[in-house]
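Visitor: I would like to learn how to read a pair of packed helices. Can you walk me through a case?

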Amino acid sequence: MSDLLRLATAGSVDDGKSTLVGRLLYDTKSVLADTLDAVHRASADRGLATPDLSLLVDGLRSEREQGITIDVAYRYFATPKRSFVLADTPGHVQYTRNTVTGASTAQLGVLLVDARKGVIEQTRRHAAVLALLGVPRLVLAVNKIDLVDYDEVTFSRIAKEFTAHATALGYTEDAVVEIPVSALAGDNVVEKSANTPWYSGPTLLEHLENVPVEPDPHDAPFRFPVQYVIRPRTAEHLDYRGYAGLVAAGTVKPGDEIVVLPSGRRSTVTKIDTMDGELTEAAAGQSVTLLLADDIDISRGDLIASAGNAPTVTDDFEATLCWLAEKPLKAGARVLVKHGTRTVQAMVTELRDRFDEQNLSSVDSPPSLELNEIGRVSLRLAEEVPLDDYSFSRRTGSFLVIDVSDGSTLAAGLVGAPLPLLEDGVESCTGGSAAAPDNHALVSPGP
Amino acid sequence: MTLALDTLGRLESEAIHIFREVAGEFDRPVILFSGGKDSTLLLHLAIKAFYPAPVPFPLLHVDTGHNFDEVIEFRDRVVAQHGLRLEVAKVQDWIDDGRLEERPDGTRNPLQTVPLLDSITQHKFDAVFGGGRRDEERARAKERIFSLRTAFGQWDPKRQRPELWNLYNGRHRAGEHVRVFPLSNWTELDVWNYIEREGIELPDIYYSHQRDVFLRDGMWLAEGPWGTAREGETLQRKTVRYRTVGDGSCTGAVESDAADIHAVIAEVAASRLTERGATRADDRLSEAAMEDRKREGYF
């Protein structure tokens with residue numbers, strides 16, 4: 001029985017990210033003959049002596065023409081141990097939009113740097129965004145190690161600098177791993193390299209295969225956004241009324257006391273149904289149908305939660321927004337908020353601060369939030385909604401901000417989620433207000 | 001007792017979640033159903049998502065008239081068995097009344113787009129489920145699970161929305177629709193492993209059988225209403241199976257002895273050819289073939 005690891009890669013074309021991803025696919029034999037033929041042909045057409053593995057992953061024609069990637073691409077590879085879903089996020093263009101998208105479901109982030117350049121501004125930004133989004137683990141691939149003559153000192157210096165940055169963002173040291181690689185030559189990607197005898201750690205693939213996958217938040221209180229009410233109205237199932245959904249957090253058993261929010265009505269779970277039969281227990285990540293003891297009014301948009309530990313119901317809250325639209329956000333904007341399975345009207349009442357993810361500092365009361373900027377805002381909702389803090393639960397602490405008129409997605413929203421800030425002149429902020437991604441070991445990404 | 005889901009369990013749970021989101025948010029969804037393995041899997045997951053209630057959507061098949069008899073027979077049997085509603089849009093009807101013209105090469109696969117879009121408009125479908133997977137082809141690697149289409153069915157990469165967590169935004173303007181791909185994160189091997197695990201029945205032609213075929217452009221094509229061997233091509237009896245079952249004029253068989261699901265899985269696991277590249281002439285036209293067809297409103 002293999003399990004699934006979702007990871008996101010971040011870095012730029014110049015760092016050789018497409019080549020690294022191509023190398024992972026190539027060396028795990030996830031590239032099939034006809035695809036490979038096309039790459040060999042295209043490489044030869046361009047006068048290249050060896051196949052350009054980045055051609056395996058540069059998808060759209062407009063991207064190939066410009067030699068850049070412009071959108072998140074999903075790649076699939078598997079080893080006997082694990083299946084992998086890799087969200088490949090480009091670095092230069094729209095980096096926040098892409099990194100936020102890839103990170104929202106990732107259990108691990110792979111950042112890439114050029115060994116000749118070391119940790120650069122973009123690396124720090126990407127790491128900050130991954131930390132904010134609660135990605136539990138980071139890998140730094142120090143690429144082009146061949147171009148610094150496989151120099152141990154260079155690698156150690158970069159590794160040390162990155163670990164310091166990641167711990168400042170709230171990561172524990174064992175959640176961060178640095179690996180010297182050459183995507184082009186294949187060193188330490190899949191095969192251990194003879195050129196780095198001083199490196200005793202795992203290859204990138206070995207690490208991906210063996211890194212603990214953060215468990216679904218089974219220990220967390222039960223959360224179940226109702227997607228759909230199943231009422232067959234057939235002779236066989238005349239009075240059947242089931243609430244269909246995906247368990248967002250915790251576990252549920254028949255007999256458990258629950259509360260329906262926002263109404264506050266209480267009942268008891270009588271049955272957990274699936275087409276494969278009744279379950280004695282369901283846990284985070286599972287799609288099931290719940291039947292309750294009492295005939296109470298429940299519809300799509302409601303949240304069924306553990307009666308003993310329910311989220312706060314509120315129409316007024318603070319959140320961090322990653323602004324993804326061309327049109328800037330200004331205070332007073334009317335938007336839609338989609339949280340769980342409920343969409344409500346909302347107003348952004350105040351822009352509190354804007355995050356400077358380069359300096360890990362913030363700017364108070366910005367006049368607007370522009371494309372790819374991250375900031376804290378206050379929101380008022382037209383109706384009350386049950387909210388968890390994002391650091392407590394990624395699934396029930398996240399929301400979309402949607403344009404009322406054209407329906408486009410304007411922002412990724414995180415309930416609460418303090419920005420990872422450094423105090424002035426302090427190298428590490430263990431006592432500061434940084435989000436602590438190691439706490440996110442309790443939460444899990446999408447299914 | 002461990003409650004951790006394995007890979008197939010996670011993929012199944014994700015697909016069921018997607019079906020229920022669409023049922024909750026759209027007025028007139030439809031499932032594209034050809035009787036092929038991906039759409040059969042799609043239907044199986046839809047049935048699971050709404051059990052014990054019936055699937056709350058109709059099915060739509062764009063029939064090129066060049067389909068394999070075994071697949072059409074299978075399609076109709078599955079529809080009857082589950083008491084489903086099937087709409088069939090026949091490419092032949094569009095040719096007969098002049099809305100479409102037969103292509104010089106006789107291939108009808110590219111002709112599916114117009115009947116598909118016409119049917120979507122006529123029935124006011126606002127969500128269209130397809131069996132597309134992101135591992136199939138490079139242009140699909142960037143496809144969303146909810147893919148917004150214009151009133152002309154077109155896919156504009158710039159208007160696609162970022163997909164965050166498992167929160168899908170299906171808002172669209174009147175006349176626009178959303179293509180929904182619940183199998184986005186499945187690989188070909190996942191599909192076959194799941195078909196085995198669930199005991200899902202497929203048309204026989206996915207398993208090895210004897211068939212008269214001829215070699216064209218490196219593919220074994222069968223004879224049918226779409227034509228037969230031309231001069232210089234020889235019809236010969238081979239043991240073959242199909243990895244995809246599209247339009248007969250451009251879907252090739254592969255030589256195979258894989259007579260059951262276990263043998264097919266072993267073959268797919270060892271295969272060095274992607275299913276599309278191996279057997280679909282329409283994807284081999286140009287490197288950007290899929291990207292172009294997608295912009296036009298094909299999947």
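Guide: In chain B, the axes of helix 6 and helix 7 (residues 261-270) come within 10 Å and cross at roughly 165 degrees. This is a predicted model; local features need pLDDT of at least 70, side-chain atom pairs count only at pLDDT 80 or more, and totals for chains, interfaces and linings use all residues. Residues are numbered from 1 along each chain as its sequence is written, while chains are lettered from A and ligands numbered from 1 in the order in which they are written.

Visitor: How are two packed helices described?

Guide: Two packed helices are described by the angle between their axes and the distance between the axes. Axes are lines fitted to C-alpha atoms, for helices over the stretch in contact, and angles run from 0 to 180 degrees between N-to-C directions. Angles over 145 degrees count as roughly antiparallel. Helix 6 of chain B and helix 7 of chain B are therefore roughly antiparallel.

Visitor: Which residues of the two helices make the contact?

Guide: Contact means C-beta atoms, placed from the backbone, within 7 Å. Helix 6 of chain B gives residues including B:Leu189, B:Trp192 and B:Ile195. Helix 7 of chain B gives B:Ile261, B:Val264, B:Ile265, B:Val268 and B:Ala269.

Visitor: What about the domains?

Guide: Domain bounds come from an automatic or database domain assignment. For chain B it gives domain 1 (7-189 + 288-296) and domain 2 (203-283). Their centres, taken over C-alpha atoms, are 24 Å apart. In chain B, 22 residues of domain 1 are in contact with 21 residues of domain 2.

Methods
Helices (H or I, at least four residues) and strands (E, at least two) are DSSP runs, numbered from the N terminus. Angles under 35 degrees count as roughly parallel, over 145 as roughly antiparallel, 65 to 115 as roughly perpendicular and the rest as oblique.
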